[in-house]
Amino acid sequence: MPQPSPDRPRVPILGAENVTKVYRMGDVDVHALRGVTVPLYEGELMVLLGPSGSGKSTLLNILGALDVPSSGRVHYRNEDIAAADERALTRFRREHVGFVFQFYNLVPSLTARENVALVTEISKNPLNPGDALELVGLTDRMDHFPAQLSGGEQQRVAIARAVAKQPEILLCDEPTGALDFKTGIRVLEVIDEVNRSLGTTTAVITHHAPIASMADRIVSLSDGMVASDHTNDIKVSPAELTW
Amino acid sequence: MVSVLDRKLLRDLMRLKAQSLTIALVVAVGVANYITLRSAWRALGDSRAAYYEQYRFADVFTRLKRAPDSIADRVHDISGVASVYPRIVEEVLLPIEGMLTPAHGQIVSLPSQGWPPLNDVLVKSGRFPEAGRSNEVLVYEPFAKEHDLVPGSTIPAVLNGKLHELIVVGLALSPEYVFAIEPGGVSSDDERFAPMWMSKSAIAAAFQMEGAFNDLVLRLEPGADEAAVLIAVDRILAPYGGLGAFGRDIQISSSILDGEIAQIEAMVLFLPAVFLAVAAFLLNVVFSRMVALQRGQIAVIKAVGYGNLTIGFHYLKMVCIIVVLGSALGVGLGAWLADAMLDLYAGFFRLPMTRGRIDLPVAINAVIASFAAAVLGVGFALRSAMALPPAEAMRPPSPTRYRASPVERFAGLRRLRQTTMMVFREIWRRPLRTVLSSAGIAFALAIIILGRFGKDAHGPILELQFGRQQREDISVSFSTEVDQRSLGYLEHLPGVDQVDGFRATPVRFRSGARWRDSILVGLPPDSHLRRLFNRKFRPARIPQSGILITDVLADILGAKPGDLIEVELKEGDRGTREVRISGTIDEAFGLQGYMQKAGLHELLREKPTVNTALLRVDPQWEAELHARLIDIPAVQSIHRKRTLLEKFEEQTGRTMQVITLILTLFATAIAVAVVYNNARVSLSVRSRDLATLRVLGFSRAEVSAILLGEQAIQVILGIPVGMVLGTWGAKALLELQADPEQFRMPMLISPRTYAFSAVVVLAAAVLSALLVRRRIDALDLVGVLKTRE
């Protein structure tokens, strides 16, 4: 399992280079990102911190090929995906990235298992949907519809769905934002478990600074720019987090 | 000053403009349909009633050979008869210059003084012929127009074998020729058939009918027993060659007009109801979704102090705007279409049409009906908007409960792809919506079939009648039976390749108390130019002895092959003969019987004669041949098969094109509105799911397939149902249209018609789907995911 180590040059699997993003909101231009350079190294768990409006979601969306930058480069391994067309972006998401969102975004008409199968059906080398759900501790709730699951359970299904295709990269946008403390910790444990056991390169967005303690690396954004980027020397397990 | 709520209303409507517009169009088509059909029905019905009354259209009609005028008084004495009018009616040839075959005239006598007491004539221009002027005629106006005849023009006519030059003194119409069709004809032909009117003394002189009549029309007293009168009339006229009296229901012009009016009446409620039901359903779909989407807004509006009624009224106003828009369009369209439809009818039915401006009560009814339909459609959504307590409305709605359907387990659907499963569960969750959407599509398709199927039966019927059965180029009928040997004379005329002849005689078929008047045809055994086929194109043979009768006649008589029936002759000694039925034939027209020509002569106790000759001719010599035929005194009419066919095709073709176009447009309006609105609402409901799939790496095409798959299933379910509905509707219309004793139009809908209707509906659906597809492509992935449902 790849572990970042000081003696080996770390390989960025995905990265933003000098990325800017300008939205036009009515008559004003909003500069969401102003020249951000953030690499994501293979196998690491990165936490992206920042207050709301700092541009962290915009960055994550650009890294996940949900959005394209106004300028700058986004590279996946040696490919520049900033210049890719719609079809290529879809393929990139399909093959390499798993997403977890604040509001779970499960398909209400499909059961937990079917929500996972939705992804495994279009993947090249997927986990068995049952195994993916086992990984997040939902073996006994597999045939429930989303409306029959609690928020925390739904989020775990979302994580199982995201990792079932064995993506190289897992992007989580405020995965605990809609959950209470206890449930949030359970979800973070699952993310941590996925990162460690499957070696999935993981980026977690949060505005909750304490969560950063579980990361290998912590990047802070402020006003569309990188405020700090440092490795976390005292990594703690999610269970030890408090806020 | 526009209130804030009204401003919201207008902006909401602008946002929903495409959906509102498609629904308004369906309302418009419904309203237009009602106004068109209702106006046409009224105009035709009222005009018919007024015309028949004012011009004293008879109730009972009969032709006979010849009876002295005094006999008419005996008919008048029959109980229930109000008035009688004896006339002379004669068939004449009109060898008009420039026409290959002569046109046919039917000359009706006019009394020497005053107006005809029954079946009066409406003189459109010119005047009545003056008594004592033997060469003055009134001519049927449409025929005159075809030939540029005006008062003062002359027209050649062969009266009783002698060519006369008649002077047209006026152009006229009559209630007995509203739909002018010559005896034995298949369609009206203004170019070739001319009712004409002449003073009785002039016709009597030309046809040696002084002091006699050969046609009698009667008016009955209110409440008279028509059947009893018919029997009494036949009894009195039998010795004078009476051919059987009949009522208005069989009078050809009247029955065709009645059939048309009955057809419109059948559609007048049905068609508009379909459109309004579709509009109501779509309003329900769209407004239910809007109320669900505006849950939060409703809560806030209520929270700041607006009442439930105000909220209800707010949404109702929106519906009203759509209905008002649709109704206004519909009234305009309806007025225009009603006019166009009556113009179309004016080309077939010649009667003074009372057509005013748009009928106000009809328009008001249509608008009220569309409002009622709309309110019914949105009622449920409005009630839920009004009943929602503000505090509850602030919270998001409870999540939709999906369930695994039992069908899934049994049908092995579990093995389907998850995306297919999404489509299936969505349909399963809202079965009623699926059923109603499919029903809308089905009706759209059925409407197209109803517009087109009429033409489908024409092809095979024409092929059967004119291709297989009537193999001659020209048929010549004689005013009386002629010696068999005259066929030899015809054979030597220029251009004649082959000649055949047959003998037909009017008879009454009777079996016990049941009877029908019809004709009995005697065909030679080796007839090349006239053969018999049943409706399935199988050739039929005439038995060596006995009689072959149409199966409908057998049913009427309650007789079957092997039974003896009575044949009452109306020619010769007018005796009654017993004949054995040796077979039945399933024919498309009439109630006739067939037997060997020799057998018929034996029955009539006459020498071999013919009254119709059939000719196969070389087209090069046709003009000369016709010139020679006209000179033969006994020739009563000449029919050229190709001309008949061309005329028929031309007439039905044009009408059919117009009707197909209009109904196709109407059906398209339904299909587009159903698919577009369903897809838009579905997109609104499921944009979050679809965006999620896009994020997970599904392509635009894959995501569109989920949303549009649902619509596709509704359309695909609707297509076969529509075909069945269309077939039923066609059958029902057919039964209204034709008198089965005269014409049994086969129930035939061609694969082309089914295919055409399916293609139109599919094309409309695909077009609507493509419009929605653009919106799916433009889904805001990030935005959708950022919001809580």
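Reader: In what order do the 4 strands of the open sheet in chain B run?
Author: The order is E2-E10-E1-E11, with antiparallel pairing. Strands (E, at least two residues) and helices (H or I, at least four) are DSSP runs, numbered from the N terminus. Two strands pair if DSSP finds at least two bridges between them. This is a predicted model: local features need pLDDT of at least 70, side-chain atom pairs count only at pLDDT 80 or more, and totals for chains, interfaces and linings use all residues. Residues are numbered from 1 along each chain as its sequence is written, while chains are lettered from A and ligands numbered from 1 in the order in which they are written.

Reader: Which are the edge strands?
Author: E2 (81-87) and E11 (246-247) of chain B, each pairing on one side only.

Reader: Over how many bridges do E1 and E10 of chain B pair?
Author: 6 bridges, joining residues 60-68 to 212-220 in the antiparallel sense. B:Thr62 sits opposite B:Leu216 in E10(B).

Reader: Which helix lies across E1, E2, E10 and E11?
Author: H6 (residues 226-237) of chain B, at about 15 degrees to E1(B). Axes are lines fitted to C-alpha atoms, for helices over the stretch in contact; angles run from 0 to 180 degrees between N-to-C directions.

Reader: New topic. How many residues of chain A are in contact with chain B?
Author: 22, against 22 residues of chain B. Contact means C-beta atoms, placed from the backbone, within 7 Å.

Reader: Which helix of chain A gives the most to that side?
Author: H3(A), with 4 residues.

Reader: And the scores, what are ipTM and pTM?
Author: ipTM is 0.80 and pTM is 0.80.

Definitions and conventions
Two residues are in contact if their C-beta atoms, placed from the backbone, lie within 7 Å.
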